[in-house]
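Have a look at the structure first, then read through the points in order.

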Amino acid sequence: MTMKTFCGRANPTTGALDWVEESEEYDYHQEIARSCYADMLHDKDRNEKYYQGIRAAVSRVKARGERVVVLDIGTGTGLLSMMAVTAGADYCYAIEVFKPMAQAATSITERNGFSDKIKIINKHSTEVTVGPDGDMQERANILVTELFDTELIGEGALPSYEHAHTHLVKAGCEAVPHRATVYSQLVESDMLWKWSQMQPIEVDGNKLLPSSAVVECAGAPSVCDIQLSQVPPESFTPLGPICTMFSVDFSKPVSSAAQSYTAQFKAQTSGRAQVVLSWWDIDMDPDGNIVCTMAPSWTYSEPQTYPWRDHWMQSVYFLPAEKNVSEGEELSLIVSHDDYSLWYNLTNSEQNVVKEAQFRPSCSCQAHLVWTRPRFGELNDKQRTESYVNALRSILKPDSVCLSVSDGSLLPIFAHLIGSKKVFSLENSGMAKQVIEQVLHTNSLKHGVQLLGIRPEQLSLADLEGNQISVLMGEPYFSTSLLPWHSLFFWYCRTAVAQLLLPNAAILPRAATLYITAVEFQDLWRIRVPCGTCEGFDVSPMDEMIQKSLDFRESWEAEPHPLWEYPCRALTKPRPVMTFDFTQCVPEQPINSDGTVPFTGRGRCHGVVLWMEYQLTEDITVSMGLTKPVNEEGACVWNPHRKQGVFFFRSVRETSGNGREGLSYNLTFEPHTGDIKMDFSVTEP
């Protein structure tokens with residue numbers, strides 16, 4: 001019987017603390033439904049290279065006349081163990097710590113007839129025992145693993161290898177992969193640097209400067225992992241060559257101790273050193289003939305041969321501070337790692353190499369903890385700022401009393417600079433309040449905005465010094481929002497403060513509209529499409545398990561994705577399906593919308609994209625989704641600072657594009673939960 005528990009979850013749309021009854025299976029199903037196992041099984045390049053590497057390792061051990069015993073750490077579906085047995089291994093110990101995965105691996109190996117040769121061990125590898133009564137009868141002589149993430153070591157590969165060499169495998173064992181190598185390139189990139197540093201912002205002839213605390217801060221320590229192939233080469237300037245930073249040989253004992261490595265080169269051109277682009281490759285064999293690389297597509301002579309994958313991407317690291325470099329200058333790029341992460345420094349001489357590398361950077365200014373990297377990009381977006389400033393200018397009067405509701409927002413500062421009499425801002429988080437206070441202080445605007453650390457429903461006339469609100473504004477942006485409609489929290493805030501608004505108060509934005517379009521993805525479909533067979537093995541129990549977890553949620557849901565990283569083609573014209581009028585309070589009754597949009601594009605429909613557009617004023621609108629009209633071919637340009645909602649169809653539908661088929665939709669906004677229930681289907685004529 002399953003346990004039922006009541007969890008308090010802050011509802012991202014209504015802001016209420018919902019007590020929801022959830023069986024302990026809930027998170028388990030979420031984890032499986034949103035997992036990247038399908039993407040890994042669809043990664044043909046990875047699977048073929050592993051298979052070749054495993055065959056080669058098995059034949060090397062056989063050539064020595066030894067019995068082949070394989071240890072497979074992080075087996076997942078059991079795929080690599082089945083490859084090993086097929087290649088001639090005598091026995092495999094397959095370790096998987098995640099219980100549902102271990103169960104899936106058991107049923108997959110059984111279905112493929114390998115249960116006598118593969119033992120699935122549901123433990124963390126560091127808890128596995130060897131000996132007559134142990135999990136493993138003997139030490140292995142081939143070590144196969146797939147413990148890597150985009151940063152290579154972020155899933156704990158180093159400690160796992162370190163332990164395995166000490167306790168689980170023989171000296172002189174073979175390893176697949178045999179080695180990993182990390183590559184990096186130092187670049188100047190205005191676009192990427194805007195994700196890490198607040199730039200000066202022009203507002204009505206005033207320059208709003210970032211606080212010195214932000215400028216001098218080393219930034220957030222976590223890696224920024226993205227589909228670097230979608231960052232166009234014209235948006236960065238290489239200041240040095242692609243450097244080989246370090247390699248790890250997995251066939252020998254591995255250390256997880258902190259280490260630093262240096263690459264020296266002459267600057268190829270003068271510029272501002274800001275960002276390090278990085279990726280890795282793995283050699284499946286000692287000679288380096290079987291290589292699986294994460295290099296972005298623009299490093300390929302034929303970019304169309306680039307193998308797409310989402311479970312491994314590329315990494316962007318921000319230097320602790322930007323440095324001016326001159327062409328021909330001798331530079332040292334230093335990479336340091338602890339057991340789970342990497343970071344970079346740059347020096348132009350030898351002397352302080354060792355000093356700098358010791359410390360993992362951490363954010364001292366709070367801004368990098370309050371603002372995510374896309375959020376930095378959004379705040380630095382000049383066009384966006386202009387839209388908000390123009391909208392505010394058209395509604396603010398010298399005697400306006402403004403209230404701003406958004407997280408870590410500069411909007412109230414804009415309102416003050418444009419000349420509003422009084423500006424109040426609700427900042428629910430103490431840290432966000434501190435970050436905005438720093439900006440006010442730096443720009444000598446300390447008394448221009450009053451920051452109130454209270455929730456909208458607690459706000460009283462006394463907090464507003466007896467003033468009623470003439471302008472209520474929001475971007476809206478809330479750090480708790482995952483899906484596009486979660487920012488309707490602004491509407492709930494507007495409803496909570498309704499008694500404090502003047503009868504003719506202006507609301508900015510005045511409304512939000514939800515848009516949809518049906519799309520064909522170039523690659524993203526792989527993360528959700530069932531596999532069936534993989535390298536000749538039947539992996540359908542995995543498909544069934546994912547399906548069951550998706551069915552566990554009574555309704556099929558949308559999921560958030562930053563679509564600028566995932567090219568797609570629109571197969572229908574964008575259709576507004578629902579408008580939320582912020583000049584009114586949230587209604588008591590649900591809002592329903594249904595209809596059909598004709599398919600205008602020919603292709604394979606993988607699903608539907610949903611996004612919000614905000615009407616700031618009569619004539620100024622900002623889009624959180626498509627930022628340009630869709631062209632004849634259906635090419636989409638997405639807002640790079642927000643995630644869009646993606647509703648995947650369970651099976652791919654071919655469309656002829658002659659307008660005969662249609663996308664039919666049925667959406668219901670539930671005011672009490674703030675949720676949008678949705679159903680889409682492709683209708684034939």
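1. Ground rules. This is a predicted model, so to speak, with local features needing pLDDT of at least 70 and side-chain atom pairs counting only at pLDDT 80 or more, while totals for chains, interfaces and linings use all residues. Residues are numbered from 1 along each chain as its sequence is written, and side-chain values use heavy atoms, with hydrogens and water left out.

2. H3 and H4. Start with helix H3 (residues 44–63) and helix H4 (residues 79–86), which pack at an angle of about 40° with axes 9 Å apart. Helices here are DSSP runs (H or I, at least four residues) and strands are too (E, at least two), numbered from the N terminus. Axes are lines fitted to C-alpha atoms, for helices over the stretch in contact, and angles run from 0 to 180 degrees between N-to-C directions. H3 and H4 are therefore oblique to each other; under 35 degrees counts as roughly parallel, over 145 as roughly antiparallel, 65 to 115 as roughly perpendicular and the rest as oblique. On the H3 side, Arg 46, Asn 47, Tyr 50, Tyr 51, Ile 54 and Val 58 meet Leu 79, Leu 80, Met 83, Ala 84 and Thr 86 of H4 (contact means heavy atoms within 4.5 Å). That makes 8 nonpolar, 2 polar and 1 charged residues; Ala, Val, Leu, Ile, Met, Phe, Trp, Tyr, Cys and Pro count as nonpolar, Asp, Glu, Lys and Arg as charged, and the others, Gly among them, as polar.

3. H12 and H13. The axes of H12 and H13 come within 10 Å and cross at roughly 50°. H12 and H13 are therefore oblique to each other. Thr 385, Tyr 388, Val 389, Leu 392 and Arg 393 from H12 touch Leu 411, Phe 414, Ala 415 and Ile 418 from H13. The tally for this contact is 7 nonpolar, 1 polar and 1 charged.

4. The cavity. Which helices each supply at least two residues of the lining of the second largest cavity? They are H11 (373–379), H12 (382–395) and H13 (411–418), with H12 giving the largest share, 3 residues. A cavity is a set of points on a 1 Å grid over the protein atoms alone where a 1.4 Å probe fits but cannot get out, and lining residues have an atom within 4 Å of a point. Among the lining residues are Thr 385, Tyr 388, Leu 411 and Phe 414, and the lining divides into 6 nonpolar, 2 polar and 3 charged.

5. Cis prolines. The peptide bond from Val 176 to Pro 177 is cis, with omega near 0°, and Pro 177 sits in the loop between strand S7 (169–176) and strand S8 (179–188). Another cis bond joins Leu 508 and Pro 509, with omega about 0°. Pro 509 belongs to the loop between strand S24 (501–508) and strand S25 (511–521).

6. Positive phi. Most residues other than glycine have a negative phi, and most peptide bonds are trans. Gln 366 is not a glycine, yet has a positive phi of about 75°; its place is the loop between helix H9 (353–357) and helix H10 (367–370). Ser 444 likewise has a positive phi, near 50°, in the loop between helix H14 (430–442) and strand S22 (450–452).

Definitions and conventions: On a 1 Å grid over the protein atoms alone, a cavity is a set of points where a 1.4 Å probe fits but cannot get out, and a pocket is an open set with protein on both sides within 12 Å along at least five of seven lines; lining residues have an atom within 4 Å of a point.
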